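The sequence and the coordinates come before the comments.

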Amino acid sequence: MNHKHTQHLFRPGGPGFTIRPALLLIGLIVSSLVGCDKDGHAPAAATPPPPPTVEVTEVKQQDVPIHQEWVGSLDGMVNAQILAQVTGYLVKQNYQEGQPVRKGQLLYEIDPRTFQSNLDQARANLVRQEALLKTARLDMDRVERLLPQNAVSVRDRDNAVGKEASYEAEVLAAKAAVESSQLSLGFTRITSPIDGIAGLSQAQIGNLVGPGSANAVLTTVSQVDPIKAYIPLSEQQYLKFERQRPNDSEAPPPVPLELTLADGSVYPHPGKLYFADRQVDIKTGTIKVATLFPNPRNLLRPGQYAKIRAVVHTKPNALLVPQRAVADLQGKSMVAVVNPDNTVAIRMVKPGETIGTEWVIDEGLKPGDKVIVEGIQKVKNGIKVDPKPWKEAAATAQAER
């Protein structure tokens, strides 16, 4: 066969050329080249990834004290308004604002000169009336001596008796005037009626003070040891506490109270219930309850914010898991449970109260279940995992930092 005839047989469209077997041959060659490594050997089968490592802990079961919290405000045990009981000019302030004062301690002085003058006049009038009474009694004695001798008449005796009684009444009125003037003079020295903390002065030196004036209230002294804290109790909570009494004649059992201050610190002295108000507020449906807290260093002051917590009951055999083991999914709570074969089961749960860093689970778990605490974002339902014990101490220390 000559060269020209060969080109005719193998050119496209020629009688000795077919396209499909040629393409098949090229495909086999390319496949064999792709499936081999650089040395021409076939690759090994791909190994599956290892199961993810997670940290798990066992569900705890124990009796748990359940707390209830209320937000209230502090108030003095006694809040005594210091008033000016007589009208006069304020001449002296004898206390330091915001500092402790003792019962009977002098707080203010009002100009006493007018009141001293009134007292002197009242005393002079008393002396005069006592002199007149003495003269009337001498006259009465003389009339009684002369009457048996018919030296005086019965009418003279009656007049003497009336005069003596009239002067006795004048003496009593004069004594009352002296006492009233002494009281008014004493009111110019305004003292504290209780031990407590004295507040800001509402009047300045030189102000006209007294009943009906713009400066009737001079200051307020509050007794703060112990100090009261008022909290609003709902009707349901109030009824529950009342039903805990053994009988109607006995006081309710003591409930230790814990006070949390505005900076988040816990007050070191526990408190107690004091009394409940006489009525329920129809606007809020709550009853005001007073509690008492010791305040030896006067740290607590009236008007402060107070968050008060108390153990209201104990939940027996409660199931506890770390809070970080509970995930939120569109408003629903769920946990990842590791089965005995190390597969994961996602369960919906119903969480209850929080106790420290743990959560009480009311529904969805049982004692002995192992829940994933660390690595829950790596898993899904049915996947196999490599469970490790949860390092609780290290996690707690990191959370505290």
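1. Basis. This is a predicted model, in which local features need pLDDT of at least 70 and side-chain atom pairs count only at pLDDT 80 or more, while totals for chains, interfaces and linings use all residues. Residues are numbered from 1 along each chain as its sequence is written, and side-chain values use heavy atoms, with hydrogens and water left out.

2. Aromatic pairs. Rings of Phe, Tyr and Trp (for Trp, the six-membered ring) pair if their centres lie within 6.5 Å; planes under 30 degrees apart count as stacked, over 60 as edge-to-face and the rest as tilted. The count by this rule is 3 aromatic pairs. One of them joins Tyr95 and Tyr108, edge-to-face, at 5.6 Å centre to centre with 75 degrees between the planes. Tyr95 lies in the loop between strand E3 (88-93) and strand E4 (100-101), and Tyr108 in strand E5 (residues 106-110), so the pair ties together parts that are 13 residues apart in sequence. Strands (E, at least two residues) and helices (H or I, at least four) are DSSP runs, numbered from the N terminus. Tyr95 and Tyr108 are both buried; buried means under 20% relative accessible area, exposed over 50%, and partly exposed in between (1.4 Å probe, protein chains only).

3. A second ring pair. Tyr274 and Phe275 have ring centres 5.1 Å apart and planes at 65 degrees, so this pair is edge-to-face. Tyr274 is partly exposed at 40% relative accessible area, and Phe275 is partly exposed at 36%.

4. In E5, 5 of its 5 residues are buried. Two strands pair if DSSP finds at least two bridges between them. E5 pairs with E3 in the antiparallel sense over 3 bridges, with Leu90 opposite Ile110 of E5. E5 also pairs with strand E6 (residues 189-191), antiparallel and over 3 bridges; here Tyr108 stands opposite Ile190 in E6.

5. Charge over a ring. The charged end of Lys288 sits over the ring of Tyr230, 5.1 Å from its centre. The rule requires NZ of Lys or CZ of Arg within 6 Å of the ring centre and within 35 degrees of the ring normal.

6. Salt bridges. A salt bridge is a side-chain nitrogen of Lys or Arg within 4 Å of a carboxyl oxygen of Asp or Glu. The whole structure has 14 salt bridges. One of these joins Arg113 and Asp111 at 2.8 Å, N to O, and Arg113 is exposed, with 63% relative accessibility. Arg137, Glu164 and Glu168 are linked in a salt-bridge network.

7. Which parts of the chain does the bridge between Arg324 and Glu374 tie together? The two side chains meet at 2.7 Å, N to O. Arg324 lies in the loop between strand E13 (305-322) and strand E14 (327-329), and Glu374 in strand E18 (residues 370-374), so the pair ties together parts that are 50 residues apart in sequence. Arg324 is partly exposed at 43%, as is Glu374 at 26%.

8. Arg347 and Asp369. These side chains form a salt bridge of 2.8 Å, N to O. The pair links distant parts of the chain, 22 residues apart: Arg347 is in strand E16 (residues 344-355) and Asp369 in the loop between strand E17 (358-363) and E18. Arg347 is partly exposed at 22% relative accessible area, whereas Asp369 is buried at 7%.
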